Amino acid sequence: MTNYHHPYRADSRRMAEWNAFYHNEEEGQEEEEAELSGGDYKVSGRDSLVFLVDASKEMFIKGEDGRPSNFDMTMQVVRSVYTSKIISSHRDLVALVFYGTEQCKNPRNSFKHVYVYHDLDEPGAKRVQEVDALRGEKGAQLAAQTLGSGETSLGDALWCCANLYSDIKLRLAHKRLMIFTCRDNPHEGDSVKDRQARTKASDLKETGVFIDLMHLIKPGGFDVSLFFRDIVSPPEDDSELGLQLEPCDKLEDLQKRVRARETKRRALARLSLSLGDGINVAVGVYATAVAARKPSSIRLYRETNEPVRSKTRTFHMQTGSLLLPSEMKKAQVYGRKQIVMEKDEVDAIKKFDDPGLFLIGFKPMEKLKPHHHIRPSVFIYPEEDEVKGSASLFSALLKKCIERNLFALCRFISRRNYPPRFVALVPQMEEVDEGKVQITPPGFNVIYLPFADDIRNLDPPRCPAASQTQVDKMKEIIAKLRFKYRNDAFENPVLQQHFRNLEALALDMNEPEEIEDLIKPKVDQIDQRLGPLVEEFKDLVYPAGYNPETKPAPKRKTADSGGGAEKKPKVEVNADDLRAHVQNGTLGKLTVPVLKDACKLFGIKTTGTKKQELIDALTDQLGS
């Protein structure tokens, strides 16, 4: 469908706004794919995260075998979250509060033994540097001088955190508080302080704050039931693991646990899954894996270094008056006539049905082939808040599909006025690792199925068949090079270098941190694993003395006997064909080298080498 302005035409600059207002089917599909693969999404508020860290003496005791102290591990995790927030979601708010300190620093110093190191605000380079100052042995010394270790009142600390939230005038979409401690009984049996802490934790949870416990390793074990079981929030839904019973003794485990809790799931869409006969299940559509991209560049005003916003306006070509979107039309040519349509008419033509999933039937899993996966899949999970009973019915459907090894075939319309697609709902059970952190969630993976014309039949090139000996030798090589692939084991070196450069620039570092390109093959390790297998395979396949790195010498044609016979021009057409081209006026179809060779063949001298000059010379000679 073509863009059409009546009675004026659009230039290329105005076409951008036009296309932004009128989306055709192809543009809509591209936008959907970009969104599902990690495009920008609109949110109703900002996320906030408060780190509440125990500053008691027990937190600074170094671990066994040279392991860092619990305080040092916590500071490394806080720094990691700060830097990731700066890169991925810089508008989120983060705070760092210490409790059990000797010194106090909070609004009006109302709470003793509570030190607000960072109040709720957007993370920045200065904050990362201040957290870096608390790491290592020097950081422990600075913490002892600045914070110190004193009495503990977790109730006062929670009250102070509640004040941080109440002082924020921005709208917060998600509020989370993480407690880092290695003491399972912080008040040492003081029932008054225990009761105050439980009361304040209950008040926080009623205001929408989720409280998590990141308990660390403690000699003799960490008993959650002594105090913290009543402090933390219950699971947000059935998929949440709730309170972790095992404490963290490794930095990697603590980082994984914090990342799993800190990352808030955002639904790309909330739709209904229709099972027939009026039975609907409310589901949310999620992108479980998104492509990492460089952030888009921001234009700055060169004098003040402030961000510049660009606005596009469309004007009438003749009168110069400003045009509104309602004054622009869309048209399609049918029978040499231009049919002009309004935007509502275009939307009505494009609409197939309301957004949602409609169950068609079930098929065995073996019917789903790898080549059916043509674009990134999405994930659906029940939304109990939308329709009561969705979680139970969804769970029953998931369980039966797994038991019978079936996938559900559905019609899927992701958004309003989007074309329908056939999808396969592939069941997936929940998996957790040794640290009880969820690896894969329970639900259905939505696989977009291709249409018939999306699959092409290719004729594979015919190559000489390999002998059984060669095949067996290659199988040995493949068996030696096999390894278990993990998607988190390989990072994009271009992105990593880009963010390292930004980090070095923001933190005033002399040079960026070196990165290891994990994509490059480990040649030494490969050679050690294979041993003589490579040479044995080359002896079976390639001729003796074959070296793939050297180029073969070009073949030279020997001259006729008598020494240096004159080279004749190579002509692709003969004299009769040339005369035919002259008579038909089709000399222009021949290439310049062919025309030059034809002039040499007939002994025609030309003053120039351009194609038209060669054609004129041949026409004058052969046309007479």
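Predicted model: local features only at pLDDT ≥ 70, side-chain atom pairs only at ≥ 80, totals over all residues.
**Entry 1: Arg79**

Buried means under 20% relative accessible area. I wanted that cut-off first, because Arg79 comes out at 16% relative accessibility and so counts as buried.

I found Arg79 in helix 3, which runs over residues 70-88. What does the side chain of Arg79 make a polar contact with? I looked it up: the partner is the side chain of Asp132, at 2.6 Å. Skipping residues up to four places away in sequence, Arg79 touches Val128, Val131, Asp132, Arg135, Glu503 and Leu507.

**Entry 2: the whole chain**

Next I zoomed out. The protein chain has 624 residues, and 35% of them count as buried. I noted 17 helices and 17 strands. The accessible surface comes to about 40,300 Å², with 50% of it belonging to carbon and sulfur atoms. For contacts between residues at least 6 apart in sequence, 70% join residues at least 24 apart.

Then I checked confidence. The chain averages a pLDDT of 80, and 84% of the residues score at least 70. Over residues 1-43 pLDDT stays under 50, and the model has 83 contacts beyond four places in sequence for them. Residues 559-566 also stay under 50, with three such contacts.

**Entry 3: salt bridges**

A reminder to myself: side chains of opposite charge can pair when their charged atoms come close. How many salt bridges does the structure hold? My list says 19.

I looked up Arg46 and Glu122, a salt bridge whose closest N and O atoms are 2.7 Å apart. Arg46 sits in strand 2 (residues 46-54) and Glu122 in the loop between strand 4 and helix 4, so the pair ties together parts that are 76 residues apart in sequence. Arg46 is buried, with a relative accessible area of 16%, while Glu122 is partly exposed at 31%.

Lys62 and Glu137 were next, with their closest N and O atoms 3.0 Å apart in a salt bridge. Lys62 lies in the loop between strand 2 and helix 3, and Glu137 in helix 5 (residues 136-146), so parts 75 residues apart in sequence are tied together. Buried or exposed? Both Lys62 and Glu137 are exposed.

I also checked Glu383 and Arg270, whose side chains meet in a salt bridge at 3.5 Å, N to O. Glu383 is in the loop between strand 12 and helix 10, and Arg270 is in strand 7, so this pair ties together parts 113 residues apart in sequence. Glu383 counts as buried, at 10% relative accessibility.

**Entry 4: a few other spots**

I found Gln470 in helix 11 (residues 468-481). Gln470 counts as buried because its relative accessibility is 18%. A polar atom of the Gln470 side chain lies 2.9 Å from the backbone oxygen of Leu540. Not counting residues up to four places away, Gln470 touches Phe537, Leu540 and Val541.

Ser321 lies in the loop between strand 8 and strand 9. At 35% relative accessibility, Ser321 counts as partly exposed. The side chain of Ser321 makes a polar contact with the side chain of Thr319, at 3.0 Å.

Last one: which residues form a nonpolar patch on the surface? They are Phe358, Ile360, Phe422 and Phe451, with about 350 Å² of accessible area together. I placed Ile360 in strand 11 (residues 356-364), and Ile360 is partly exposed at 45%.

Definitions and conventions: Residues numbered from 1 in each chain as written. Heavy atoms only, no water. Helix = DSSP H or I, 4+ residues; strand = E, 2+ residues; numbered from the N terminus. Buried < 20%, exposed > 50% of the residue type's maximum accessible area, 1.4 Å probe, protein only. Polar contact = N/O pair within 3.5 Å; in protein donor to acceptor, adjacent residues only side chain to side chain. Contact = heavy atoms within 4.5 Å. Patch = residues over 30% accessible without salt bridge, like charges linked within 9 Å, V, L, I, M, F, W, Y side chains within 5 Å. Areas by Shrake-Rupley, 256 points an atom, 1.4 Å probe, with all protein chains shown as cover. Salt bridge = Lys/Arg side-chain N within 4 Å of Asp/Glu carboxyl O. pLDDT = per-residue confidence, 0-100.
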